[in-house]
Amino acid sequence: MTNVYAGPLPVKQPESDFYWEKTQSRELWLRRCNDCDRAYFYPRDFCPTCGGRNVEWIRSSGKGTLHAFAIVHRAPTPAFRDRVPFVVAMIDLEEGARLPANLVGVDPDPALIAVGMPVEVDFQDLTPEVTLPVFRLA
Ligand SMILES: [Zn+2]
């Protein structure tokens with residue numbers, strides 16, 4: 001049986017190529033501004049807080065907490081029909097950045113998931129070229 005991923009894929013952009021290269025190595029990297037000392041997501045060459053360009057890449061521990069979540073019951077596009085219900089979440093990483101991701105490894109039941117729960121990153125290979133960071137309850 002084949003399990004070919006048919007969902008949407010990230011569009012390659014120079015600002016995020018490094019990010020996607022690192023997810024293939026099962027590492028999560030963020031941008032951090034050296035002027036206002038903040039990590040941020042999504043990866044871009046300027047700070048979304050102060051506009052500065054004195055930014056660097058930092059490796060995230062992959063640990064964080066669940067800031068918010070929703071259980072998706074209706075597929076947003078046909079590509080997701082076989083995947084509902086699933087959990088989308090906003091993750092607050094311990095470096096300070098917040099990113100959207102899927103919460104996996106837990107039944108999509110609101111009785112089992114709560115804001116503030118500790119989470120940690122995992123990775124799903126969507127295609128041979130694209131590996132997506134996802135999160136699990138820690
Ligand atoms: Zn800044």
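User: Before we start, how are residues numbered, and which pLDDT limits apply?
Analyst: Residues count from 1 along each chain as its sequence is written. Since this is a predicted model, local features need pLDDT of at least 70 and side-chain atom pairs count only at pLDDT 80 or more, while totals for chains, interfaces and linings use all residues.

User: What is the radius of gyration of the protein?
Analyst: The radius is taken over C-alpha atoms, and the globule rule is 2.2 Å times the number of residues to the power 0.38. For 138 residues a compact globule would come out near 14 Å, and the protein's value agrees with that. The C-alpha trace spans about 45 × 35 × 25 Å along its principal axes. The radius of gyration itself is 16 Å.

User: Which strands stand at the edges of the open sheet, and why is one side of each left without a neighbour?
Analyst: The sheet has 3 strands in antiparallel pairing, in the order E2-E1-E3; two strands pair if DSSP finds at least two bridges between them. Each edge strand has a single partner strand, so one side of each has no neighbour in the sheet. Those edge strands are E2 (38-40) and E3 (55-59).

User: What is the bridge partner of Arg-32 in E3?
Analyst: Strand E1 covers residues 29-33 and runs antiparallel to E3, with 5 bridges joining the two. For Arg-32, the partner in E3 is Glu-56.

User: Is Leu-132 buried, partly exposed or exposed?
Analyst: Leu-132 is found in strand E8 (residues 131-137). A residue is buried if 20 or more other C-beta atoms lie within 10 Å of its own, exposed if 12 or fewer, and partly exposed in between, with C-beta atoms placed from the backbone. Leu-132 has 18 C-beta neighbours inside 10 Å, so it counts as partly exposed.

User: Which residues is Leu-132 in contact with, leaving aside its neighbours within four places in sequence?
Analyst: Two residues are in contact if their C-beta atoms, placed from the backbone, lie within 7 Å. With those sequence neighbours set aside, the contacts of Leu-132 are Thr-23, Phe-123, Gln-124 and Leu-126.

User: What is omega for the cis peptide bond from Val-84 to Pro-85?
Analyst: Pro-85 sits in the loop between E4 and E5. Another cis peptide bond joins Phe-41 and Tyr-42, with omega about 5°. From Val-84 to Pro-85, omega is near -5°.

User: Asp-37 has a positive phi; is Asp-37 buried or exposed?
Analyst: Asp-37 lies in the loop between E1 and E2, and its phi is about 60° although it is not a glycine. There are 11 other C-beta atoms within 10 Å, so Asp-37 is exposed.

Conventions. Helix = DSSP H or I, 4+ residues; strand = E, 2+ residues; numbered from the N terminus.
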